[in-house]
Amino acid sequence: METKEQIAKSVPQRGFFGHPKGLFTLFFTEFWERFSYYGMRAILLYFMYDTVANGGLGIDKTTATSIMSIYGSLVYMSGIIGGWVADRILGSRRTIFWGGVLIMLGHICLALPGGITLLFISMVFIILGTGLLKPNVSSVVGDIYEPGDNRRDAGFSIFYMGINLGSFLAPLVVGAVQKNYNYHAGFSIAAIGMFLGLVMYKITEKKNLGMAGAKPTNPLNEEERAKLIKNSIVVLVVAAILLAIAGFFGWISISNAVNFFTVVGLLAPITVFIWMFTSKKTKAEEKSHLLAYIPLFITGVMFWIIQEQGSTILARYAEGRTDLTIGSFEIAPAWFQSLNPLFIIIFAPIFAALWVKLGKRQPSTPIKFSFSLFFAGASFLIMIIPAVLSDGQTLVSPFWLVASFLLVVFGELLMSPVGLSATTKLAPEAFAAQTMALWFLTSTAAQALNAQFAKVFDKVSEVQYFGFLGGAAIVLFLIMLMLSPWISRKMGSIK
């Protein structure tokens with residue numbers, strides 16, 4: 001006869017919209033983290049290239065756009081550190097908390113008038129903090145579901161809606177505060193958002209999450225700890241020496257830093273993948289899963305190349321090429337950053353309900369990934385129309401940007417929540433959180449490349465720029481359709 005504990009474990013929890021109650025904690029933790037991040041991001045590019053007289057830093061637009069892309073690249077690259085810390089030292093839950101603390105400190109730095117120095121200090125805090133928090137929140141979402149639970153994809157879609165609810169509200173609130181007061185007041189709102197997220201997380205963590213993510217999955221032994229300390233000291237000393245040499249020869253510049261981190265952003269996912277694939281802890285079946293992951297990863301990179309330009313190239317387009325007046329009403333450029341999450345809030349429940357209704361009849365993961373590229377490509381190809389109609393000079397209707405953001409959102413709903421879910425399924429057991437970090441490296445590689453594309457945008461026509469990237473996405477869409485059967489075979493029993 002089953003005990004009460006066995007019966008409770010065998011019955012799926014339905015405490016939050018028919019899902020485990022732990023989804024409530026993770027939903028609102030990520031809501032406030034994204035509120036803080038996207039609130040900051042909505043005005044950061046403008047803050048960097050706005051004039052000093054207007055409260056900005058006066059950096060030229062091309063350099064500011066490249067910095068913004070590299071910043072985004074490093075934010076997601078730091079997930080490697082966060083995944084490793086969770087797997088080997090702290091466990092996902094404590095890693096999430098300390099990541100939030102660092103993020104809050106970063107926003108506080110931006111809220112203070114300290115010029116470029118505090119800008120880069122804040123970036124370091126937010127890069128490290130997001131790396132600790134973001135992959136581990138997503139990993140714990142996977143942990144609260146039992147293997148084979150058909151609610152998993154729908155749960156990630158609901159979780160993804162929480163991310164985008166925070167992302168939607170942030171540009172509206174922070175943009176309005178910046179417009180009516182100043183940039184630093186806007187950044188202070190982002191700091192408050194992260195503080196609220198930390199409070200909510202600690203209040204509900206133990207009650208709602210149980211043991212999910214409480215302990216590291218592959219903790220360090222004493223010998224490994226000693227080796228880690230030794231290697232860390234060596235790395236820090238070597239890094240200090242290299243920086244000193246670079247400073248002596250005058251090699252330290254923003255341009256060189258952008259180029260360096262572009263290379264690092266592309267090498268990082270390759271290194272992590274080879275490391276996991278060759279590890280003795282990765283089983284034969286898990287290696288097959290990792291091979292299936294390669295084309296999914298490449299698809300993710302191409303998708304995020306286009307999607308992430310919503311906060312850089314399209315943000316500049318909103319500010320410089322778009323008619324921001326509708327009658328007597330004036331649109332703040334930062335508010336366009338709310339379009340992407342707004343459309344996700346509207347359509348995410350529809351996609352989530354669709355996957356549940358279709359059940360085992362829903363399209364395979366490779367097919368979903370393929371069509372995400374179709375919509376991404378279309379979102380850039382449509383921008384050719386206003387470029388031709390305006391001859392690249394006169395201001396265009398804001399509804400062209402609305403259409404572009406809408407198309408890419410359809411792709412994002414096929415890509416991002418499904419990618420998160422597929423990653424938790426395909427991850428080798430010994431590298432659970434680190435595989436989630438590998439997924440976020442799709443954005444790292446994409447934004448590293450975007451730092452270089454930013455230099456091209458001002459040198460070619462809008463037709464050439466949007467046409468090349470949109471066309472590349474469509475070509476890869478067709479290739480992925482042809483590869484889908486092979487990918488499905490390599491995924492084995494994983495659906």
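Predicted model: local features only at pLDDT ≥ 70, side-chain atom pairs only at ≥ 80, totals over all residues.
**Entry: Thr444**

Leaving aside neighbours within four places in sequence, Thr444 is in contact with Ser73, Tyr76, Met77 and Gly265. I then checked where Thr444 sits: it belongs to helix α17, residues 432-457. Is Thr444 buried or exposed? Its relative accessibility is 0%, so Thr444 counts as buried. The cut-off for buried is under 20%.

**Entry: the nonpolar core**

Next I looked up the largest nonpolar core. I found 125 residues in it. Met40, Leu44, Met48, Trp439 and Phe466 have the most contacts inside this core. Which helix gives the core its largest share? That is helix α2, residues 22-49, with 17 residues. I noted a general point here: in soluble globular proteins, nonpolar side chains tend to be buried together.

Not counting residues up to four places away in sequence, Met40 touches Tyr71, His107, Leu110, Ile126, Phe187 and Ala190.

**Entry: α2 against α5**

I turned to how α2 packs with helix α5, residues 92-111. The angle is about 25°, and the axes are 11 Å apart. Angles under 35 degrees count as roughly parallel, so α2 and α5 are roughly parallel to each other. α2 passes α5 in a left-handed crossing.

Which residues make the contact? From α2 I listed Thr29, Glu33, Ser36, Tyr37, Met40 and Leu44. From α5 I listed Ile96, Ile103, His107 and Leu110. I sorted this contact by class: 6 residues are nonpolar, 3 are polar and 1 is charged.

Note on methods: Residues numbered from 1 in each chain as written. Heavy atoms only, no water. Core = buried A, V, L, I, M, F, W, Y, C linked by side-chain atoms within 4.5 Å. Buried < 20%, exposed > 50% of the residue type's maximum accessible area, 1.4 Å probe, protein only. Helix = DSSP H or I, 4+ residues; strand = E, 2+ residues; numbered from the N terminus. Contact = heavy atoms within 4.5 Å. Axes fitted to C-alpha atoms, helices over the stretch in contact; angles between N-to-C directions. Parallel < 35°, antiparallel > 145°, perpendicular 65-115°, else oblique. Left-handed = near helix turned anticlockwise from the far one by under 90°. Nonpolar A, V, L, I, M, F, W, Y, C, P; charged D, E, K, R; others polar.
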